[in-house]
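Hello,

Here is the structure I promised to pass on. My notes follow below it.

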Number of protein chains: 2
Amino acid sequence: MHQQESCLAVRDVLSRVGDKWSVLVVSMLSDRPLRFSELRRTIEGISQRMLTLTLRGLERDGLVTRTVTPTVPPRVDYELTDLGRTLLDPVQALAAWADGHRVEIARARERFDRKDPRKQD
Amino acid sequence: MHQQESCLAVRDVLSRVGDKWSVLVVSMLSDRPLRFSELRRTIEGISQRMLTLTLRGLERDGLVTRTVTPTVPPRVDYELTDLGRTLLDPVQALAAWADGHRVEIARARERFDRKDPRKQD
């Protein structure tokens, strides 16, 4: 991991799968395939364009399949691939960490912003 | 996790700690404190500005401390806090996943781009 070539590849992969929207989409698909509209509804705050880009990135990385059923209107389902399922454990560990420490982090932010208001994000 | 409020908080936390640069900085600090210049050298491709922003975000979240030693020139060290150390396990699991699957993902991308060149990122 600390070797040059490997490190670059890891960074490249992380920039996709470590992305917050990718993490959320992968988590949502853990139980069953979902349609675009279901994902859009469940992941509040994601724009149509960002969801499209996120799903395309995951499809390109071989983590998600996109299946079009030619009904009227066409139905599009997204499902984790076998490779995508191997990402569930690390992704859910990260999400559990975030869930478990959100109060602590919110407090740290308050302290930081009180101490130096210029540094607010 | 699928409850509304919790989900929003998790997304907010993930958008910081799931960020590729944050993941790399936290990993680099696993062994010992590092100076800004050491981090900059080790994380190839990160700009001075992006490293500054990433470190400030991690400091604000209570994951990293910044210690200034008033030498000439001043020396600035960054170190993981106890909270920051709890992030090491999930972050390293994600990095190990990325490292272990980078060849497979590179192949998936090639296949995808061959199939539909319009869809390239």
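Val26(B) touches Leu63(B), Leu80(B), Gly84(B), Leu87(B), Leu88(B) and Val91(B), leaving aside residues up to four places away in sequence. Contact here means C-beta atoms, placed from the backbone, within 7 Å.

This is a predicted model: local features need pLDDT of at least 70, side-chain atom pairs count only at pLDDT 80 or more, and totals for chains, interfaces and linings use all residues. Residues are numbered from 1 along each chain as its sequence is written, while chains are lettered from A and ligands numbered from 1 in the order in which they are written.

Now the core. Val26(A) and Val26(B) have the most contacts inside the largest nonpolar core, which has 41 residues. Such a core is a set of buried Ala, Val, Leu, Ile, Met, Phe, Trp, Tyr and Cys residues joined through C-beta atoms within 7 Å. Buried means 20 or more other C-beta atoms within 10 Å of a residue's own. The largest share of this core, six residues, comes from α6(B). Helices are DSSP runs of H or I, at least four residues, and strands are E runs of at least two, numbered from the N terminus.

Next, a helix pair. In chain B, the axes of α2 (residues 20–28) and α6 (residues 88–115) come within 10 Å and cross at roughly 115°. Axes are lines fitted to C-alpha atoms over the stretch in contact, with angles from 0 to 180 degrees between N-to-C directions. Val23(B), Val26(B) and Ser27(B) of α2(B) meet residues of α6(B) including Leu88(B) and Val91(B).

Finally, chain A. Seven helices and three strands make up its elements. Of its 121 residues, 31% are buried.

Best wishes

Conventions. Two residues are in contact if their C-beta atoms, placed from the backbone, lie within 7 Å. A residue is buried if 20 or more other C-beta atoms lie within 10 Å of its own, exposed if 12 or fewer, and partly exposed in between; C-beta atoms are placed from the backbone.
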